[in-house]
Amino acid sequence: MPDDDADAARLSRLYEGHVPIATAIEQLHLTRYQRIERVILMNLIGVLRPLYWLVRRLRGRPFDVTAGLEEFAQVANPTRGTRTKESHGGDHLTAEQVATYERDGVLGPLPLLTPEEAAAHRAFVVQTHAADWHGDYAIGKAAADELKRNGLWAINHGAIWQERNVPEIRAIAQHPVLAQRLASLIGDDVVAWRTQMFVVEPDTKGTFWHAATTFTEDGDLPALTPPPGMPAAMANVSCWIALEDVDVDTACLRIIPGSHSDVRLDTLIRRFSRDRLGFVMHFDRADRWNALTALRYTGDIFLAGQVAFDVALRLLPDLYESIEPAHYPMRAGECLLFSSNNLHGSYPNRTSEPRLAMGIRYTSSDVGIYAGQPTIPYATGVGTTEVDTTRLRDGVPVHSAEGPVAARDQ
Ligand SMILES: O=C(O)CCC(=O)C(=O)O
């Protein structure tokens, strides 16, 4: 097959369930003022670009975003658990399941809650959110108010339920079955560092492809700091619990199994956050138009992410070339374990009901959590196991001869 056809086939596989960025941008409703402002800004950037590159060249700061990326194309991701079903019984994973996780970075669906428990939990989340339950938000009141003003406030944004110590959430995060499964992957000191609800509203697009190793999405500082020698893709295991039956019409997850071993996209995105202006100036006119629109007029980070994804696919023509997206229809209460560095997203929700899922992110007690970020008072106050927060320094566990700070899974 000629290269162009291969590229087109790869793109159409990846884009199944999503609209191309140009269409998505065209479909946005911008006010007249925003449209005029956008044209002015585009022209301004167009004029400033040659000047920008001249200054940059004179200061000896060339722009080579793909330099050295090859070394991130195939990273080994060994798990750290020592307990398996064969050695410790119970709900630990079998050695074969652990090997599958190492290869694919995804395991499941696995049974967890009953459909009745999932339905009850779903109702609890919806009611609690609708009651505007805590009135102050982990993302900050100003950001919450802005989202509400723009009609964008969703369950996702209340997001970090765990920090609020909600017993119903805590009970699921500490589920003993999950603790044992995770111990087979993470090791004996499992910490739930963040819980979140994921909603896909009725008749809307699903979550666009993304990957996150150390979760810098909330700012420039990574939420997780793995210890030396731990591959970033193993710092986090995500557990995604379906709160109703999901399939390709109801926004089930899509994942590219094995893509957690190719951290080029994540590395590019981190380079982007260190040199935003350089990247934007590097974009061609169409990409600048799309990026400007998404970032300035929508607040939709996944739309901006789609621009970055398109650019990354062009810069790295072999990215995800030989790996196939898989989709994961699930029954209510089932869970999927996956490395968040696997490229993942979801299908559109073509029904009239919101699709709700609960996400729990787990790590190991020797990984720094929100290190040096004073705004999160107790990131790991609750988890599958308890963390002794009195022994956290700047959010990072302080180790001693007595061993790790988190209790062991029972
Ligand atoms: O539920 C979704 O649509 C996306 C989930 C996701 O991004 C995650 O679990 O990290």
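Which residues of α14 are buried? They are L303, A304, G305, Q306, V307, F309, V311 and A312, where buried means that 20 or more other C-beta atoms lie within 10 Å of the residue's own, exposed means 12 or fewer, and partly exposed is in between, with C-beta atoms placed from the backbone. Before going on, keep in mind that this is a predicted model: local features need pLDDT of at least 70, side-chain atom pairs count only at pLDDT 80 or more, and totals for chains, interfaces and linings use all residues. Residue numbers start from 1 along each chain as its sequence is written.

Let's stay with the helices for a moment. Helices (H or I, at least four residues) and strands (E, at least two) are DSSP runs, numbered from the N terminus. The cover over the buried residues of α14 includes α2, α11 (264–274) and α13, with contact taken as C-beta atoms, placed from the backbone, within 7 Å. α14 has 15 residues and reaches 21 Å from its first C-alpha to its last, close to the 21 Å expected at 1.5 Å a residue; the expected span is 1.5 Å times one less than the number of residues.

Now step back to α13 (residues 285–297). Its 13 residues should span 18 Å at 1.5 Å a residue, and the end C-alpha atoms are 17 Å apart, which agrees. W289, N290, A291, L292, T293 and A294 are its buried residues, and they pack against α2 (21–26), α3 (32–58), α12 (276–282) and α14 (301–315). After α13 comes G299, with a positive phi near 65 degrees.

β4 pairs with β7 (residues 335–339) over five bridges, where C239 has L337 as its bridge partner. Six bridges join β4 to β9, and V237 stands opposite Y362 in β9. From its other neighbour, β9 (residues 355–364) is joined to β2 by ten bridges, with Y362 as the bridge partner of A192.

A second open sheet has three strands in the order β6-β5-β8, again antiparallel. Its edge strands, β6 (326–328) and β8, each pair on one side only. Three bridges join β5 (residues 253–255) to β8, and R254 has G345 as its bridge partner.

Where does the ligand come in? Around it are F198, V200, G206, T207, S238, W240, S340, H344, S346, A357 and G359, each with its C-beta atom, placed from the backbone, within 6 Å of it. Elements giving two or more residues to this shell are β2, β4 (237–242), β8 (344–346) and β9.

Notes. Pairing = 2+ DSSP bridges. Contact = placed C-beta atoms within 7 Å.
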